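Colleague: I have a few questions about the terms you use here. Could you take me through them?

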Amino acid sequence: MSDAVVTRFAPSPTGFLHIGGARTALFNWLFARHAGGRMLLRIEDTDRERSTDAAIAAIIDGLSWLGLEWDGEVVYQFQRAARHREIAESLLAAGHAYRCYATPDELNEIRALARAEGRPPRYDGRWRDRPASDAPTGIKPVIRLKAPQEGETVLEDKVQGRVAWSNKDLDDLVLLRSDGTPTYMLAVVADDHDMGVTQIIRGDDHLTNAARQIQIYQALGWTIPAMAHIPLIHGADGAKLSKRHGALGVDAYRAMGYLPEALRNYLVRLGWSQGDKEFFSTQEMIEAFDLAHVGRSAARFDFAKLENMNGHYMRATQDDDLLAALDAAIPHLPGGGDALAKLDEPMRQKLLAAMPGLKERAKTLIELLDGAAFLFAERPLPLDAKAVEILADGGRAHIANLAPLFAALKSWSAASTEAAVRAYAEAAGLKLGQVAQPLRAALTGRATSPGIFDVLDVLGREESLARLRDQAD
């Protein structure tokens, strides 16, 4: 094995790539890229009943959308079952494991007795030192690790610090089930070793697994990877993250109109700090990332912060790049299909022209698309309640007066239409807003929009005059 850093992201394909998993993948990816190493992807699909092809596809799609490229081929844990069995058999041959013939009823009795006596329910090691001649007929045994019974199992965790478990509190875990299938604990150790993993970064819900896995490494005489157990993500209220807080799949954030680079930046700041710096380019993340600045307390997920960060990224993105991001996102946005059907080249040019005003008012691509609805709208425009009220309250008279002034303009631009409106308002003794609002209602069907003179410019003379005439009547 080389000395190069190798991390891995190892999700179970029993559901979507949730936000906590995405952050774990990001931390692994950044750690590897910072060190000039590799991040591998392993799909832990040993739970055959719950693992699905759809979940595997969602995980791979989610990682790709976030820009987290893994190195090499995807490893599927289930396909390595023969290797896992081989390792269990080698432990058996070396005297570090043994066959256990305890029946399910016996194991239930052990647990019941432990509960009655107020002890944790642990296997009592009854087959640990019994000779093979005692083996009953007709019962398929499991293979258990002959775990150390004295002293401590110690982990010098890169985030949690020194963690120690008393060996007397850890029982002999099952390595191979009676049907010959490997357990999760054995499979993880075997795969991490064979894949050359040097650094494990995962959620601290796996911390108790670390003790078990360290014992397997020690029994095999293998080098134990460095480990870092990162705190889980909680909701803004400090409670365990649930769907109401944002424990959704990465695909849901895509459908909510977030930019992948904004979500990536938000996730890196969940539990990792670099002074007061909030915004990081991908290269800055890679250069700065380390485990020393990962906190030990749970990070709090805050949708408002994510929205604000996304809004910042949208405003900072070049207009044509933002149009490309919208292009990629539209098939995943609610109602995006309607917009996609109308997004021909002339409409794309209008959208690009409107982008400066649209992105200033939007925090997500959904809001951006919603703000652009006036471009896609067909005459006669549907009016929302506020627009109806504005036009009914004297607004139509202003529209009727402005339409011929606009028609007479020699050139059509934001500047020329603004000059005409200001001249009209001044002559009528009105404030600019008293004229601009009826214009906005007539041209967009709403009371809010990008700057109204930008709207006139983007729609063009012909479409603007047609919409005004519709509402002047």
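Modeller: Gladly. Contact means heavy atoms within 4.5 Å. Leaving out residues up to four places away in sequence, Lys359 touches Met314, Arg315, Thr317, Gln318, Asp319, Leu322 and Leu368. Please note that this is a predicted model, where local features need pLDDT of at least 70 and side-chain atom pairs pLDDT 80 or more, while totals for chains, interfaces and linings use all residues. Residues are numbered from 1 along each chain as its sequence is written, and side-chain values use heavy atoms, without hydrogens and water.

Colleague: Why is Lys359 called buried?

Modeller: Buried means under 20% relative accessible area, exposed over 50%, and partly exposed in between (1.4 Å probe, protein chains only). Lys359 has 9% relative accessibility, so it counts as buried.

Colleague: What makes the link between the side chains of Lys359 and Asp319 a polar contact?

Modeller: The term asks for a pair of N or O atoms within 3.5 Å; within protein, one must be able to donate a hydrogen and the other to accept it, and residues adjacent in sequence count only if both atoms are side-chain atoms. The Lys359 and Asp319 side chains are joined at 2.7 Å, so the pair qualifies. The Lys359 side chain also reaches the backbone oxygen of Thr317, at 2.7 Å.

Colleague: And why does Ala442 count as buried?

Modeller: Ala442 has 1% relative accessibility, so the buried label applies. Beyond its neighbours within four places in sequence, Ala442 is in contact with Leu381, Leu391, Ile399, Arg467, Leu468 and Gln471.
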